[in-house]
Amino acid sequence: MLPELGQVLLVLALLVALLQAVLPIAGAQRGNAAWMAVARPASFAQLALVAGAFALLTYAFVSQDFSVRYVATNSNSLLPLVYRYTAVWGSHEGSLLLWTLVLACWNGAVALFSRRLPEPVMARVLGVMGIVAFGFLAFLIFTSNPFERLIPAAAEGRDLNPLLQDPGMIIHPPMQYVGWAGFSVPFAFAIAALLDGRIDARWLRWTRPWTNIAWAFLSVGIALGSWWAYYELGWGGWWFWDPVENAAFMPWLVGAALIHSQAVTEKRGSFAGWTLLLAIAAFSLSLMGTFLVRSGVLTSVHAFASDPARGLFILVFLGLVIGGSLLLYALRAGRLEAGAGFQPASRETLLLLNNLLLASACAMILLGTLYPLLADALDLGKISVGPPYFGLLFFVLMAPLVALVPFGPLARWQRDQASRVVAMLLPWLLVALAAGVVAFFMAPQGAWKSAFGVAGAAWVILGTARFVWSRLGNGGRMTPEMWGMVLAHVGIGVFLAGALLVEAQNVQREVALRPGESLQVGRHEFVFQGVDQLRGPNYLADRGHVLVRRGGRELTLLHPEKRAYASGGQVMTEAGIRPGLFGDVYVALGESLGDGAWAVRVHIKPFVRWIWGGAFLMALGGVVTATDRRFRRIPQEKSP
Amino acid sequence: MTTPNREPAPQQGLPVVAVVIGALFFVGLVGLMLYGVMRSGDAERDVLPSALIDRPAPEFTLPILHDPSVQVGSAELRGAPYLLNVWGSWCAACRDEHPVLTKFAETRRVRVVGYNWKDEPADALRWLEQFGNPFFVVLADQEGRYALDWGVAGAPETFLVDGNGIVRWKHTGPLTEQIVAERLLPALEQVERQQ
């Protein structure tokens, strides 16, 4: 009976969400305190109900209840215990339940930490979050019920997709969802401000940490996804511009723009309308990302067709939420107060450029992601838009942004002399350029990319250090907000070095090796020692033994595997990787070629860890910024 | 909704051009998504025509599930069209399509041949006992010997082969009423006309 109970909990959560969506907003518009007071208890109740449903589905997986269709489809009696927990979000229905749970957690957190906000603001914010939760719960209950019974019950489950039976996959989706759903907070705030008809810097200050935390989680989620693709898919790539990746990356870019524009609006009152639009855009893109990933509109890793009813439902929901928000924006945004003016040479101008470049990059990715669908709709044939388009345009749009990063923190608000900032940064620019020239001549291959990577990274990191120096040198204090900014900007530098150096200097060889034969790649020697069989809990593996020597000295013994999973016979590659701060050695096992020979793929990936290291630094920056106590003080009078 | 003193002055709204462009963009995007959703039910939309279509079906000889001592090959099946359905007892989607397949098989228009792929014979037999056996004959390919020749990526998959042993139609993923009515039956009509 437990699955039925789970279903009942979801229906109750839907009703509570409906209550939360209607009463507080109506109360705020009419000034009815009793109606507004419903918001908080409703948020907590919704969290408890959805968490209960999630726990029951988890229990169904752990106890191997194959009478539940979703469990039978995504689990198997051989599945190790830890993957029975993660199988909960291994497929559509459970992912959606996790999304709903994460949203409910944000909802509960807002309810808990919004006590300093005036009642009408709190009521509107929670009311908007209630609308979103209502949509997701309705989607879950009416089209994607995870508790649906399978009658008669299956004797054995089908198994979790082997691609997902991996430690990286345990935490990647939750992180991703926490980020996506987290953008509902600035979104709800933006809608609340539009309903109220004015944007107040005090309440805006309150939303800034939320945006930063959501963005930080999204950064970690994307980085983990990239890391997982790197070691699990066996191709050695870390980013493929796949529609699913793009769906996660677009809200990240807009979120990064939002973080910056929120700072301007909070401190200077400028860009108020733009900030609201970005907040709407960030969450709309998160919803669209969920839609694109979940509806089967764009084919990526989806093998089978999906049910159009699902896609249609979420499209209608998406259209109502986004269309309604934009309509409200069009009606109300014009009357927002303009903030203080600013001159061309000022921090505002630099942040405006930052926003324009990030927004353009997002638009470019949106176009590239949807273009195959558009071409199909206009009958232009099957077209796929690949890395050449994305890679080139992204580089073109991000290069000026990288060039501008160090200027931002050093420039003054409102009015500055360009010559002053340039004079401060000029020595560091020269150092960075010199480093680039050295890299150009030292790089064994990919000289231009290496030079750009090193020069760009040095420029961003040194320019950011220059800010810290001038701040501390003048006896100033570094606030957590500033440290967060510094960390995130250094993260950009680290990422840049990693991404461009690995693109430039990646070495890849694919050879047939017999046991005892070896392959020399640069300073590395790979000795193939043969393949043996390994029995895992629910798979059989061919495990290769590859001894790696560097400069004659033994470095490591790698064990790339090819796993054949018992159910369905899918074959998965597990690369053997020796991670290193300055580069990975990566070996993947290919096909058996007979006579004991095996196809072996070898990569040397310099600085590849810096890609994820940079992303984690950016995320850390977001978290550190959010800890600034200033955001938690809400002054009683409107700041000037 | 708002107090009178906060009513906007008429000139304060967003520029009309911006609103119109924004609205057009939004409507276009929704239209495109709607198109995508409508197409998403169609499994064939991204399938480049299978290399097997209009080519001879692979040659094979396989034991019958219900009596492994009897071997059936592609030569024996030739002469009249048949529908080859790849399934396994481990495949949950196969169970989803089973009622659809059964209903189609009961029309007796064409032989429906089961291709039991990578399965334990005992499991497969129990599965058929439980859910019913609509198949004319079930071939057992325990090791997946010929699946590669057929280009089978996963179960279920369904092939329509004409009387001359030429593959005429293929479907990846579970059959639905809609796919049977809109794709399989027209393809079958064409095959029958050619006979």
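Domain bounds, as used here, come from an automatic or database domain assignment. With that in hand, let's walk through this predicted model. The C-alpha centres of domain 2 of chain A and domain 3 of chain A sit 36 Å apart.

| Domain of chain A | Residues |
|---|---|
| domain 1 | 1–165 |
| domain 2 | 418–505 + 611–615 |
| domain 3 | 507–605 |

Now for the greasy parts. In soluble globular proteins, nonpolar side chains tend to be buried together. In this model the largest nonpolar core has 216 residues, and those with the most contacts inside it include A:Val125, A:Leu253 and A:Ile280. Helix α10 of chain A (residues 201–232) supplies the largest share of this core, with 18 residues. Take A:Leu253 as an example: leaving aside neighbours within four places in sequence, A:Leu253 touches A:Leu358, A:Ala361 and A:Cys362. There's also a second, separate core of 39 residues, and among its members are B:Leu65, B:Leu77, B:Trp127 and B:Val191.

On to a sheet in chain A. Four strands make an open, antiparallel sheet, running in the order β1-β10-β9-β8. Strands β1 (507–513) and β8 (576–578) of chain A are at the edges with a single partner strand each, so one side of each has no neighbour in the sheet. On average, neighbouring strands of this sheet are turned by 20 degrees against each other, direction ignored.

Look at one pair inside the sheet: β9 (residues 584–594) and β10 (residues 597–605) of chain A pair in the antiparallel sense over eight bridges. Here A:Ala588 stands opposite A:Arg601 in β10(A).

Methods. Residues numbered from 1 in each chain as written. Chains lettered and ligands numbered in written order. Predicted model: local features only at pLDDT ≥ 70, side-chain atom pairs only at ≥ 80, totals over all residues. Core = buried A, V, L, I, M, F, W, Y, C linked by C-beta atoms within 7 Å. Buried ≥ 20, exposed ≤ 12 C-beta atoms within 10 Å, placed from the backbone. Helix = DSSP H or I, 4+ residues; strand = E, 2+ residues; numbered from the N terminus. Contact = placed C-beta atoms within 7 Å. Pairing = 2+ DSSP bridges. Axes fitted to C-alpha atoms, helices over the stretch in contact; angles between N-to-C directions.
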